[in-house]
Amino acid sequence: MIGLPSSTTFLALMSLAMSDSAPDPAPQAERGEVLYRQYCGNCHAPDRNKYGPMHRGVFGRAAGAVPDYPYSDALAEAAIVWNAETLDRWLADPTAMIPGTRMRFRLDDADARRSIIVYLASLSDADHLVGPQAAQQGAQ
Ligand code: HEC
């Protein structure tokens, strides 16, 4: 006999659909900080240069602007200001955006990129510039 879809399967599908339609915006910067430590922490820190340049204030700043960090010529000469859009393109594929950069790391997960960008904006007091979700957080 062919079985009917079990009610547990149905409930699992329902809860998947619901979690999709109701993302919780509040913890995005905190989640971004965890992801930042996980993905970027080997090479970056907010307040000191490591293999990569320090990040406090990076949101809203010109590329290649940390004074005593030895940037590649490619990044130092790039006429880019870091904002939500440029950071998203950068993190998705740095060498495509700025050929010759020394940052060899790509983050394919768009959702993780978004959270990390909200976190970077919060390091720059600019989280209101990232979007409505961050604006809600800033207003609290
Ligand atoms: C494997 C090491 C490595 C990892 C991992 C890495 N980066 Fe980088 N990053 C670099 C290096 C090196 C540079 C400088 C590149 C250059 O000078 O061309 C850089 C530069 C940058 C810049 C430009 C900063 C400026 O002052 O213009 C940003 C923004 C950035 N990284 C963000 C991130 C974020 C966010 C992550 C994690 C999602 C990350 N990076 C992961 C090595 C890394």
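Of the 13 residues of α6, 10 are buried, so this helix is largely enclosed by the rest of the structure; a residue is called buried if 20 or more other C-beta atoms lie within 10 Å of its own, exposed if 12 or fewer, and partly exposed in between, with C-beta atoms placed from the backbone. Those buried residues are Arg113, Arg114, Ser115, Ile116, Ile117, Val118, Tyr119, Leu120, Ala121 and Ser122. From its first C-alpha to its last, α6 reaches 18 Å, close to the 18 Å expected at 1.5 Å a residue, the expected span being 1.5 Å times one less than the number of residues.

This is a predicted model, in which local features need pLDDT of at least 70 and side-chain atom pairs count only at pLDDT 80 or more, while totals for chains, interfaces and linings use all residues. Residues are numbered from 1 along each chain as its sequence is written.

The protein has seven helices and zero strands, where helices (H or I, at least four residues) and strands (E, at least two) are DSSP runs numbered from the N terminus. Of its 140 residues, 25% count as buried.

Around the ligand lie 27 residues, among which Cys40, Cys43, Gly52, Ser72 and Met103 come nearest; a residue is near the ligand if its C-beta atom, placed from the backbone, lies within 6 Å of it. Both α3 (73-76) and α4 supply at least two residues of this shell.

In the loop between α5 (94-97) and α6 lies Arg102, which is partly exposed, with 15 other C-beta atoms within 10 Å. The C-alpha atoms of Arg102 and Leu75 are separated by 8.4 Å, although these residues are 27 residues apart along the chain.

As for confidence, pLDDT (the predictor's confidence in each residue, from 0 to 100) averages 84 over the protein, and 74% of the residues score at least 70.
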